[in-house]
Amino acid sequence: MDETGKNDQRSILLIEDSDDCARMLKFLFTRQGYTIFHAIDGIEAQTMIDTINQPSVVILDMMLPYANGLQLLANIRNKPSWSNIPVMLLTSDGTTGTIVKAFELGANDYVVKPYKPMELVVRIKRLAASSPGTRANA
Amino acid sequence: MTLHSILSDPLARLAAILGIVFFSFSVILLGVVVLMRLWRLARDRRKRQFIDLWSPIFYESMAETPKTPPGILASDWITFMQLYNSIQESIVGETKEKVNVLARHVGFDRVALKLMRQGRLSHRLTAIIALGNLCEHSAKNDLQEFLLDKSPYVSLLAARALLRIDSQSAMARIAVLCGSREDWSSVGVIEMLNEAGTDTVADPLSMVAAHASPDEAARVLGFLEAAKCTIAVPLARDILGRQGLDDRLTIACIRLLAELAGPEELPVIRGYLQHHNWCVRLHAVKALGRLGSVDDEADMISLLDDENWWVRFRTAEALANFSFMTMARLLDIKTRVSTKAQEVLTPFAATHPFRSKVSM
(Lines give C-alpha, C1' and ligand atoms only; values in the text may rest on other atoms or scores of the structure.)
Protein backbone atom coordinates (compact mmCIF):
# COMPACT_ATOMS: atom_id res chain seq x y z
CA MET A 1 0.00 0.00 0.00
CA ASP A 2 1.05 3.53 -0.71
CA GLU A 3 0.82 6.97 0.82
CA THR A 4 -1.65 8.29 -1.70
CA GLY A 5 -4.60 7.82 0.59
CA LYS A 6 -5.84 4.60 -0.93
CA ASN A 7 -6.51 1.87 1.58
CA ASP A 8 -5.21 -1.66 1.67
CA GLN A 9 -7.58 -3.75 -0.41
CA ARG A 10 -9.72 -5.81 1.96
CA SER A 11 -8.10 -5.05 5.26
CA ILE A 12 -9.75 -4.57 8.62
CA LEU A 13 -8.56 -2.70 11.68
CA LEU A 14 -9.97 -4.73 14.57
CA ILE A 15 -9.99 -2.87 17.89
CA GLU A 16 -11.06 -5.42 20.50
CA ASP A 17 -9.61 -6.21 23.93
CA SER A 18 -11.25 -9.62 24.44
CA ASP A 19 -8.96 -12.42 23.27
CA ASP A 20 -11.84 -14.81 22.66
CA CYS A 21 -13.86 -12.33 20.63
CA ALA A 22 -10.83 -11.17 18.62
CA ARG A 23 -9.80 -14.75 17.85
CA MET A 24 -13.20 -15.53 16.37
CA LEU A 25 -13.37 -12.30 14.35
CA LYS A 26 -9.86 -12.85 13.00
CA PHE A 27 -10.82 -16.36 11.89
CA LEU A 28 -14.07 -15.25 10.27
CA PHE A 29 -12.55 -12.39 8.30
CA THR A 30 -9.23 -13.99 7.43
CA ARG A 31 -11.26 -16.75 5.81
CA GLN A 32 -13.07 -14.08 3.80
CA GLY A 33 -9.73 -12.85 2.46
CA TYR A 34 -9.25 -9.82 4.69
CA THR A 35 -5.95 -8.81 6.25
CA ILE A 36 -6.50 -8.09 9.95
CA PHE A 37 -4.69 -5.45 12.00
CA HIS A 38 -5.53 -6.05 15.65
CA ALA A 39 -5.26 -3.52 18.49
CA ILE A 40 -6.03 -4.67 22.03
CA ASP A 41 -6.47 -1.33 23.79
CA GLY A 42 -7.01 2.37 23.23
CA ILE A 43 -3.32 3.26 23.09
CA GLU A 44 -2.41 0.54 20.59
CA ALA A 45 -5.47 1.46 18.52
CA GLN A 46 -4.48 5.12 18.40
CA THR A 47 -0.95 4.15 17.37
CA MET A 48 -2.35 2.04 14.52
CA ILE A 49 -4.72 4.80 13.44
CA ASP A 50 -1.70 7.13 13.30
CA THR A 51 0.61 4.73 11.46
CA ILE A 52 -1.11 2.13 9.30
CA ASN A 53 -2.70 2.71 5.91
CA GLN A 54 -6.43 3.12 5.65
CA PRO A 55 -8.23 -0.18 6.17
CA SER A 56 -11.42 -1.06 4.31
CA VAL A 57 -13.37 -1.16 7.56
CA VAL A 58 -12.77 -0.51 11.26
CA ILE A 59 -14.41 -2.86 13.76
CA LEU A 60 -14.47 -1.01 17.04
CA ASP A 61 -15.32 -2.38 20.48
CA MET A 62 -16.89 0.22 22.77
CA MET A 63 -15.34 -0.82 26.08
CA LEU A 64 -11.56 -0.71 25.89
CA PRO A 65 -8.68 -0.05 28.27
CA TYR A 66 -7.19 3.49 28.19
CA ALA A 67 -9.68 4.99 25.70
CA ASN A 68 -13.25 4.03 24.95
CA GLY A 69 -14.68 3.34 21.52
CA LEU A 70 -16.42 6.72 21.23
CA GLN A 71 -13.16 8.59 21.84
CA LEU A 72 -11.39 6.53 19.19
CA LEU A 73 -14.30 7.01 16.79
CA ALA A 74 -14.01 10.78 17.19
CA ASN A 75 -10.25 10.54 16.52
CA ILE A 76 -10.87 8.44 13.40
CA ARG A 77 -13.35 10.96 12.05
CA ASN A 78 -10.99 13.83 12.82
CA LYS A 79 -8.25 12.29 10.69
CA PRO A 80 -8.92 13.54 7.13
CA SER A 81 -7.72 10.42 5.31
CA TRP A 82 -9.83 8.19 7.57
CA SER A 83 -12.92 10.36 7.76
CA ASN A 84 -14.86 8.21 5.27
CA ILE A 85 -13.66 4.79 6.40
CA PRO A 86 -16.70 2.75 7.48
CA VAL A 87 -16.75 2.02 11.20
CA MET A 88 -18.68 -0.90 12.67
CA LEU A 89 -19.28 -0.63 16.41
CA LEU A 90 -19.26 -3.79 18.47
CA THR A 91 -20.93 -3.18 21.79
CA SER A 92 -22.40 -5.02 24.76
CA ASP A 93 -24.30 -1.85 25.62
CA GLY A 94 -27.34 -1.80 23.37
CA THR A 95 -28.97 1.22 25.02
CA THR A 96 -30.38 3.81 22.66
CA GLY A 97 -28.34 6.66 24.14
CA THR A 98 -25.00 4.99 23.43
CA ILE A 99 -25.97 4.00 19.92
CA VAL A 100 -27.34 7.44 19.04
CA LYS A 101 -24.15 9.01 20.39
CA ALA A 102 -22.08 6.64 18.24
CA PHE A 103 -24.04 7.50 15.09
CA GLU A 104 -23.70 11.21 15.88
CA LEU A 105 -19.95 10.72 16.03
CA GLY A 106 -19.95 9.04 12.62
CA ALA A 107 -20.36 5.29 13.15
CA ASN A 108 -21.76 3.55 10.07
CA ASP A 109 -23.29 0.50 11.72
CA TYR A 110 -23.36 -1.36 15.03
CA VAL A 111 -23.76 -4.88 16.32
CA VAL A 112 -24.71 -5.76 19.88
CA LYS A 113 -22.81 -8.61 21.55
CA PRO A 114 -23.57 -11.49 21.55
CA TYR A 115 -24.11 -11.46 17.81
CA LYS A 116 -24.82 -13.70 14.82
CA PRO A 117 -21.38 -14.32 13.27
CA MET A 118 -22.64 -14.78 9.72
CA GLU A 119 -24.74 -11.62 9.93
CA LEU A 120 -21.68 -9.69 11.10
CA VAL A 121 -19.67 -11.01 8.15
CA VAL A 122 -22.35 -9.89 5.70
CA ARG A 123 -22.58 -6.44 7.26
CA ILE A 124 -18.82 -5.96 7.20
CA LYS A 125 -18.65 -7.05 3.56
CA ARG A 126 -21.36 -4.54 2.73
CA LEU A 127 -19.46 -1.77 4.53
CA ALA A 128 -16.20 -2.79 2.86
CA ALA A 129 -17.88 -2.62 -0.53
CA SER A 130 -18.94 0.97 0.16
CA SER A 131 -15.52 1.96 1.52
CA PRO A 132 -14.07 4.78 -0.64
CA GLY A 133 -10.64 3.19 -0.78
CA THR A 134 -12.03 -0.17 -1.79
CA ARG A 135 -13.93 1.46 -4.66
CA ALA A 136 -10.83 3.35 -5.70
CA ASN A 137 -8.79 0.14 -5.78
CA ALA A 138 -11.46 -1.92 -7.46
CA MET B 1 41.45 -23.76 65.12
CA THR B 2 40.41 -26.84 63.12
CA LEU B 3 36.92 -27.89 62.10
CA HIS B 4 37.26 -30.91 64.38
CA SER B 5 38.05 -28.77 67.40
CA ILE B 6 35.12 -26.46 66.63
CA LEU B 7 32.67 -29.35 66.31
CA SER B 8 33.89 -30.81 69.61
CA ASP B 9 31.94 -28.01 71.24
CA PRO B 10 28.33 -29.33 71.68
CA LEU B 11 26.81 -25.93 71.02
CA ALA B 12 28.82 -25.46 67.81
CA ARG B 13 27.85 -28.98 66.70
CA LEU B 14 24.16 -28.22 67.31
CA ALA B 15 24.45 -24.98 65.34
CA ALA B 16 26.14 -26.82 62.45
CA ILE B 17 23.45 -29.50 62.38
CA LEU B 18 20.69 -26.90 62.45
CA GLY B 19 22.42 -24.98 59.66
CA ILE B 20 22.64 -28.08 57.46
CA VAL B 21 19.00 -28.96 58.15
CA PHE B 22 17.72 -25.48 57.30
CA PHE B 23 19.92 -25.27 54.20
CA SER B 24 18.64 -28.63 52.97
CA PHE B 25 15.07 -27.58 53.68
CA SER B 26 15.56 -24.35 51.71
CA VAL B 27 17.03 -26.26 48.76
CA ILE B 28 14.10 -28.70 48.78
CA LEU B 29 11.62 -25.82 49.00
CA LEU B 30 13.30 -24.04 46.11
CA GLY B 31 13.18 -27.26 44.10
CA VAL B 32 9.46 -27.65 44.80
CA VAL B 33 8.77 -24.03 43.76
CA VAL B 34 10.74 -24.51 40.53
CA LEU B 35 8.94 -27.78 39.78
CA MET B 36 5.52 -26.21 40.44
CA ARG B 37 6.38 -23.30 38.21
CA LEU B 38 7.52 -25.62 35.41
CA TRP B 39 4.37 -27.69 35.82
CA ARG B 40 2.25 -24.53 35.61
CA LEU B 41 4.09 -23.31 32.50
CA ALA B 42 3.63 -26.72 30.86
CA ARG B 43 -0.06 -26.71 31.75
CA ASP B 44 -0.55 -23.18 30.34
CA ARG B 45 1.35 -24.14 27.18
CA ARG B 46 -0.81 -27.24 26.80
CA LYS B 47 -3.93 -25.13 27.31
CA ARG B 48 -2.82 -22.60 24.67
CA GLN B 49 -2.05 -25.38 22.21
CA PHE B 50 -5.47 -26.92 22.83
CA ILE B 51 -7.23 -23.57 22.31
CA ASP B 52 -5.19 -22.89 19.14
CA LEU B 53 -6.18 -26.31 17.82
CA TRP B 54 -9.85 -26.26 18.79
CA SER B 55 -10.88 -22.63 18.24
CA PRO B 56 -10.79 -22.93 14.41
CA ILE B 57 -12.65 -26.25 14.65
CA PHE B 58 -15.41 -24.58 16.64
CA TYR B 59 -15.55 -21.64 14.23
CA GLU B 60 -15.67 -24.02 11.27
CA SER B 61 -18.53 -25.86 12.94
CA MET B 62 -20.64 -22.69 12.70
CA ALA B 63 -20.83 -23.42 8.96
CA GLU B 64 -20.38 -27.20 8.83
CA THR B 65 -19.61 -29.90 11.41
CA PRO B 66 -16.09 -31.25 10.86
CA LYS B 67 -16.26 -34.94 9.92
CA THR B 68 -13.26 -36.12 11.92
CA PRO B 69 -12.48 -33.79 14.82
CA PRO B 70 -9.34 -34.69 16.79
CA GLY B 71 -9.62 -36.76 19.96
CA ILE B 72 -9.66 -35.09 23.36
CA LEU B 73 -7.58 -36.26 26.34
CA ALA B 74 -9.32 -36.51 29.71
CA SER B 75 -7.08 -33.73 31.05
CA ASP B 76 -8.22 -31.36 28.27
CA TRP B 77 -11.97 -31.52 28.87
CA ILE B 78 -11.96 -28.59 31.31
CA THR B 79 -10.26 -26.39 28.69
CA PHE B 80 -12.70 -27.67 26.07
CA MET B 81 -15.61 -26.77 28.35
CA GLN B 82 -14.27 -23.25 28.99
CA LEU B 83 -13.66 -22.66 25.29
CA TYR B 84 -17.10 -24.02 24.39
CA ASN B 85 -18.82 -21.76 26.95
CA SER B 86 -16.84 -18.74 25.84
CA ILE B 87 -17.88 -19.26 22.21
CA GLN B 88 -21.50 -19.98 23.08
CA GLU B 89 -21.75 -16.83 25.22
CA SER B 90 -20.49 -14.64 22.37
CA ILE B 91 -22.93 -15.78 19.67
CA VAL B 92 -26.70 -15.94 19.19
CA GLY B 93 -29.07 -17.53 16.74
CA GLU B 94 -28.97 -20.81 14.89
CA THR B 95 -25.16 -20.85 15.01
CA LYS B 96 -25.34 -21.90 18.66
CA GLU B 97 -27.03 -25.16 17.74
CA LYS B 98 -24.41 -25.82 15.05
CA VAL B 99 -21.69 -25.51 17.70
CA ASN B 100 -23.73 -27.89 19.89
CA VAL B 101 -23.75 -30.49 17.10
CA LEU B 102 -19.95 -30.54 17.21
CA ALA B 103 -19.89 -30.66 21.04
CA ARG B 104 -22.25 -33.66 21.10
CA HIS B 105 -20.33 -35.29 18.26
CA VAL B 106 -17.19 -35.44 20.45
CA GLY B 107 -19.16 -36.67 23.50
CA PHE B 108 -19.09 -33.45 25.48
CA ASP B 109 -22.70 -33.87 26.68
CA ARG B 110 -21.76 -36.99 28.68
CA VAL B 111 -18.57 -35.40 30.03
CA ALA B 112 -20.40 -32.24 31.13
CA LEU B 113 -23.00 -34.32 32.98
CA LYS B 114 -20.24 -36.21 34.77
CA LEU B 115 -18.39 -33.02 35.70
CA MET B 116 -21.60 -31.45 37.03
CA ARG B 117 -22.21 -34.46 39.27
CA GLN B 118 -18.67 -35.17 40.42
CA GLY B 119 -16.42 -32.23 39.72
CA ARG B 120 -15.15 -29.67 42.20
CA LEU B 121 -17.15 -26.45 42.58
CA SER B 122 -15.48 -24.43 39.80
CA HIS B 123 -15.82 -27.33 37.34
CA ARG B 124 -19.40 -27.97 38.45
CA LEU B 125 -20.34 -24.32 37.83
CA THR B 126 -18.76 -24.36 34.37
CA ALA B 127 -20.48 -27.66 33.59
CA ILE B 128 -23.87 -26.24 34.63
CA ILE B 129 -23.39 -23.31 32.23
CA ALA B 130 -22.28 -25.73 29.49
CA LEU B 131 -25.31 -28.00 29.96
CA GLY B 132 -27.57 -24.96 29.66
CA ASN B 133 -25.80 -23.96 26.45
CA LEU B 134 -26.13 -27.53 25.18
CA CYS B 135 -29.89 -27.50 26.02
CA GLU B 136 -29.24 -30.91 27.55
CA HIS B 137 -32.64 -32.28 28.60
CA SER B 138 -31.10 -35.23 30.46
CA ALA B 139 -29.62 -32.72 32.95
CA LYS B 140 -33.00 -31.31 33.99
CA ASN B 141 -33.48 -33.44 37.12
CA ASP B 142 -30.00 -32.66 38.45
CA LEU B 143 -30.41 -28.97 37.70
CA GLN B 144 -33.75 -28.88 39.51
CA GLU B 145 -32.01 -30.27 42.59
CA PHE B 146 -29.29 -27.64 42.25
CA LEU B 147 -31.98 -24.93 42.29
CA LEU B 148 -32.21 -25.50 46.04
CA ASP B 149 -28.44 -25.58 46.59
CA LYS B 150 -27.34 -23.37 49.45
CA SER B 151 -24.74 -21.70 47.20
CA PRO B 152 -26.36 -18.80 45.33
CA TYR B 153 -23.88 -19.28 42.49
CA VAL B 154 -24.87 -22.90 41.93
CA SER B 155 -28.60 -22.30 42.27
CA LEU B 156 -28.72 -19.19 40.06
CA LEU B 157 -26.64 -20.82 37.33
CA ALA B 158 -28.87 -23.92 37.55
CA ALA B 159 -31.92 -21.66 37.11
CA ARG B 160 -30.37 -20.02 34.07
CA ALA B 161 -29.45 -23.39 32.58
CA LEU B 162 -32.97 -24.72 33.13
CA LEU B 163 -34.46 -21.67 31.44
CA ARG B 164 -32.23 -22.31 28.44
CA ILE B 165 -33.23 -25.98 28.32
CA ASP B 166 -36.98 -25.71 28.90
CA SER B 167 -38.12 -22.23 29.86
CA GLN B 168 -41.85 -22.93 29.82
CA SER B 169 -41.82 -25.68 32.43
CA ALA B 170 -39.01 -24.22 34.55
CA MET B 171 -40.20 -20.64 34.88
CA ALA B 172 -43.02 -21.23 37.39
CA ARG B 173 -40.59 -22.66 39.93
CA ILE B 174 -37.85 -20.15 39.18
CA ALA B 175 -40.30 -17.24 39.59
CA VAL B 176 -40.97 -18.33 43.19
CA LEU B 177 -37.23 -18.52 43.85
CA CYS B 178 -36.72 -15.05 42.34
CA GLY B 179 -38.78 -13.77 45.23
CA SER B 180 -37.47 -15.98 48.00
CA ARG B 181 -33.75 -16.23 47.19
CA GLU B 182 -32.48 -12.94 48.55
CA ASP B 183 -28.94 -14.22 48.07
CA TRP B 184 -29.33 -14.29 44.27
CA SER B 185 -27.59 -11.39 42.57
CA SER B 186 -30.21 -8.98 41.22
CA VAL B 187 -28.06 -8.30 38.16
CA GLY B 188 -27.75 -12.04 37.52
CA VAL B 189 -31.50 -12.56 37.85
CA ILE B 190 -32.29 -9.65 35.52
CA GLU B 191 -29.84 -10.95 32.89
CA MET B 192 -31.44 -14.38 33.16
CA LEU B 193 -35.00 -12.99 32.82
CA ASN B 194 -34.07 -10.74 29.91
CA GLU B 195 -32.50 -13.68 28.12
CA ALA B 196 -35.62 -15.80 28.67
CA GLY B 197 -37.79 -13.00 27.27
CA THR B 198 -40.77 -11.04 28.52
CA ASP B 199 -43.32 -13.48 27.13
CA THR B 200 -41.86 -16.32 29.17
CA VAL B 201 -41.30 -14.57 32.48
CA ALA B 202 -44.14 -12.03 32.79
CA ASP B 203 -47.04 -14.31 33.81
CA PRO B 204 -45.19 -16.54 36.32
CA LEU B 205 -43.55 -13.53 37.98
CA SER B 206 -46.87 -11.67 38.14
CA MET B 207 -48.50 -14.69 39.81
CA VAL B 208 -45.78 -14.70 42.46
CA ALA B 209 -45.94 -10.94 43.00
CA ALA B 210 -49.73 -11.14 43.50
CA HIS B 211 -49.56 -13.74 46.27
CA ALA B 212 -46.12 -13.52 47.92
CA SER B 213 -45.19 -11.81 51.19
CA PRO B 214 -44.57 -8.04 50.91
CA ASP B 215 -40.77 -8.40 50.82
CA GLU B 216 -40.85 -11.10 48.16
CA ALA B 217 -43.52 -9.34 46.13
CA ALA B 218 -41.48 -6.11 46.18
CA ARG B 219 -38.43 -8.01 44.93
CA VAL B 220 -40.40 -9.71 42.16
CA LEU B 221 -42.01 -6.41 41.11
CA GLY B 222 -38.49 -5.03 40.77
CA PHE B 223 -37.66 -7.88 38.38
CA LEU B 224 -40.89 -7.32 36.43
CA GLU B 225 -39.91 -3.68 36.07
CA ALA B 226 -36.36 -4.54 34.95
CA ALA B 227 -37.64 -7.14 32.46
CA LYS B 228 -40.04 -4.52 31.01
CA CYS B 229 -43.12 -6.67 31.67
CA THR B 230 -45.89 -4.18 30.94
CA ILE B 231 -48.38 -6.91 31.71
CA ALA B 232 -47.66 -6.20 35.41
CA VAL B 233 -49.02 -2.64 35.29
CA PRO B 234 -52.62 -3.60 36.27
CA LEU B 235 -51.21 -5.81 39.03
CA ALA B 236 -49.17 -2.92 40.47
CA ARG B 237 -52.28 -0.73 40.37
CA ASP B 238 -54.31 -3.44 42.17
CA ILE B 239 -51.65 -3.90 44.86
CA LEU B 240 -51.58 -0.16 45.50
CA GLY B 241 -55.33 -0.38 46.14
CA ARG B 242 -54.83 -2.77 49.09
CA GLN B 243 -55.35 -1.51 52.65
CA GLY B 244 -52.35 -1.13 55.00
CA LEU B 245 -49.81 -1.77 52.29
CA ASP B 246 -46.15 -2.30 53.20
CA ASP B 247 -44.03 0.73 52.24
CA ARG B 248 -41.43 -1.32 50.34
CA LEU B 249 -44.19 -2.86 48.26
CA THR B 250 -45.72 0.58 47.68
CA ILE B 251 -42.38 1.86 46.40
CA ALA B 252 -41.94 -1.17 44.11
CA CYS B 253 -45.39 -0.56 42.60
CA ILE B 254 -44.75 3.16 42.08
CA ARG B 255 -41.41 2.42 40.43
CA LEU B 256 -43.00 -0.13 38.13
CA LEU B 257 -45.77 2.29 37.13
CA ALA B 258 -43.22 5.05 36.52
CA GLU B 259 -41.12 2.79 34.29
CA LEU B 260 -43.78 0.86 32.39
CA ALA B 261 -47.06 2.80 32.54
CA GLY B 262 -48.20 6.04 30.95
CA PRO B 263 -49.74 9.31 32.14
CA GLU B 264 -53.03 7.49 32.82
CA GLU B 265 -51.46 6.35 36.11
CA LEU B 266 -50.75 9.91 37.24
CA PRO B 267 -53.80 10.17 39.57
CA VAL B 268 -52.59 7.08 41.45
CA ILE B 269 -49.04 8.38 41.74
CA ARG B 270 -50.09 11.87 42.81
CA GLY B 271 -51.86 10.28 45.79
CA TYR B 272 -48.46 9.39 47.31
CA LEU B 273 -46.91 12.85 47.24
CA GLN B 274 -48.04 13.46 50.84
CA HIS B 275 -47.23 9.95 52.16
CA HIS B 276 -45.86 9.84 55.73
CA ASN B 277 -42.76 7.86 54.62
CA TRP B 278 -40.24 10.11 52.85
CA CYS B 279 -38.98 7.19 50.71
CA VAL B 280 -42.45 6.77 49.25
CA ARG B 281 -42.73 10.52 48.61
CA LEU B 282 -39.32 10.44 46.93
CA HIS B 283 -40.31 7.68 44.52
CA ALA B 284 -43.65 9.38 43.81
CA VAL B 285 -41.73 12.55 42.91
CA LYS B 286 -39.39 10.61 40.64
CA ALA B 287 -42.38 8.96 38.96
CA LEU B 288 -44.01 12.34 38.45
CA GLY B 289 -40.77 13.62 36.96
CA ARG B 290 -41.00 10.84 34.40
CA LEU B 291 -44.73 10.88 33.62
CA GLY B 292 -45.95 14.24 34.88
CA SER B 293 -47.03 17.32 33.00
CA VAL B 294 -47.35 21.03 33.53
CA ASP B 295 -50.37 20.24 35.76
CA ASP B 296 -47.99 18.78 38.35
CA GLU B 297 -45.76 21.81 38.58
CA ALA B 298 -47.56 23.40 41.53
CA ASP B 299 -47.52 20.18 43.59
CA MET B 300 -43.85 19.73 42.82
CA ILE B 301 -43.01 23.28 43.83
CA SER B 302 -44.68 22.73 47.20
CA LEU B 303 -42.50 19.63 47.69
CA LEU B 304 -39.39 21.78 47.35
CA ASP B 305 -40.10 22.59 51.02
CA ASP B 306 -40.34 18.95 52.10
CA GLU B 307 -38.78 18.16 55.48
CA ASN B 308 -36.47 15.57 53.88
CA TRP B 309 -33.48 16.82 51.89
CA TRP B 310 -33.59 13.91 49.41
CA VAL B 311 -37.23 14.59 48.58
CA ARG B 312 -36.42 18.28 48.00
CA PHE B 313 -33.39 17.35 45.86
CA ARG B 314 -35.26 14.83 43.67
CA THR B 315 -38.14 17.27 43.29
CA ALA B 316 -35.78 19.97 42.05
CA GLU B 317 -34.18 17.47 39.69
CA ALA B 318 -37.57 16.31 38.36
CA LEU B 319 -38.76 19.89 37.88
CA ALA B 320 -35.59 20.86 36.01
CA ASN B 321 -35.86 17.81 33.76
CA PHE B 322 -39.47 18.37 32.70
CA SER B 323 -39.60 18.71 28.92
CA PHE B 324 -41.59 21.95 29.18
CA MET B 325 -39.13 23.50 31.65
CA THR B 326 -37.11 26.43 30.35
CA MET B 327 -34.28 28.30 32.01
CA ALA B 328 -36.48 31.38 32.45
CA ARG B 329 -39.27 29.33 34.00
CA LEU B 330 -36.87 27.64 36.41
CA LEU B 331 -35.38 30.96 37.49
CA ASP B 332 -38.88 32.32 37.96
CA ILE B 333 -39.75 29.39 40.26
CA LYS B 334 -36.55 30.07 42.17
CA THR B 335 -37.64 33.63 42.94
CA ARG B 336 -40.98 32.42 44.33
CA VAL B 337 -39.82 29.73 46.77
CA SER B 338 -38.25 29.63 50.23
CA THR B 339 -34.51 29.82 50.88
CA LYS B 340 -34.50 26.06 51.61
CA ALA B 341 -36.07 25.38 48.23
CA GLN B 342 -33.73 27.80 46.46
CA GLU B 343 -30.74 25.87 47.83
CA VAL B 344 -31.75 22.64 46.08
CA LEU B 345 -32.83 24.41 42.89
CA THR B 346 -29.58 26.36 42.47
CA PRO B 347 -27.38 23.56 41.02
CA PHE B 348 -30.12 22.46 38.62
CA ALA B 349 -30.75 26.02 37.48
CA ALA B 350 -27.00 26.54 36.97
CA THR B 351 -26.56 23.41 34.86
CA HIS B 352 -29.92 23.48 33.06
CA PRO B 353 -28.69 24.95 29.73
CA PHE B 354 -25.84 22.43 29.58
CA ARG B 355 -28.08 19.45 30.42
CA SER B 356 -30.62 20.51 27.79
CA LYS B 357 -27.91 20.36 25.13
CA VAL B 358 -26.34 17.04 26.07
CA SER B 359 -29.49 15.09 26.92
CA MET B 360 -30.58 12.57 24.30
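Reader: How many helices and strands does chain A have, and what makes a run of residues count as one?

Author: Chain A has six helices and five strands. Helices (H or I, at least four residues) and strands (E, at least two) are DSSP runs, numbered from the N terminus. The model is predicted: local features need pLDDT of at least 70, side-chain atom pairs count only at pLDDT 80 or more, and totals for chains, interfaces and linings use all residues. Residues are numbered from 1 along each chain as its sequence is written, while chains are lettered from A and ligands numbered from 1 in the order in which they are written.

Reader: In what pattern do the elements of chain A follow along the sequence?

Author: The pattern reads β-α-β-α-β-α-β-α-β-α-α.

Reader: What makes E2 and E5 of chain A edge strands?

Author: Two strands pair if DSSP finds at least two bridges between them. Five strands of chain A form an open sheet, in the order E2-E1-E3-E4-E5, with parallel pairing. Strand E2 (35-39) and strand E5 (109-112) each pair on one side only. They are therefore the edge strands.

Reader: How do you know that E1 and E3 of chain A pair?

Author: Strand E1 (residues 11-15) and strand E3 (residues 57-61) of chain A share four bridges in the parallel sense. The definition asks for at least two, so they pair. Ile15(A) stands opposite Leu60(A) in E3(A).

Reader: Which strands does H1(A) lie across, and at what angle does it run to E2(A)?

Author: H1(A) lies across E1, E2 and E3 of chain A. Its angle to E2(A) is about 165°. Axes are lines fitted to C-alpha atoms, for helices over the stretch in contact, and angles run from 0 to 180 degrees between N-to-C directions.

Reader: How many residues does each chain give to the contact between A and B?

Author: Chain A gives 15 residues and chain B gives 13 residues. Two residues are in contact if their C-beta atoms, placed from the backbone, lie within 7 Å. On the side of chain A that touches chain B, the largest share, six residues, comes from H1(A).

Reader: Why is Leu331(B) called exposed?

Author: Leu331(B) has 12 other C-beta atoms within 10 Å. A residue is buried if 20 or more other C-beta atoms lie within 10 Å of its own, exposed if 12 or fewer, and partly exposed in between; C-beta atoms are placed from the backbone. So Leu331(B) is exposed. Its place is in helix H18 (residues 327-336) of chain B.

Reader: What percentage of chain A counts as buried?

Author: Of its 138 residues, 36% count as buried.
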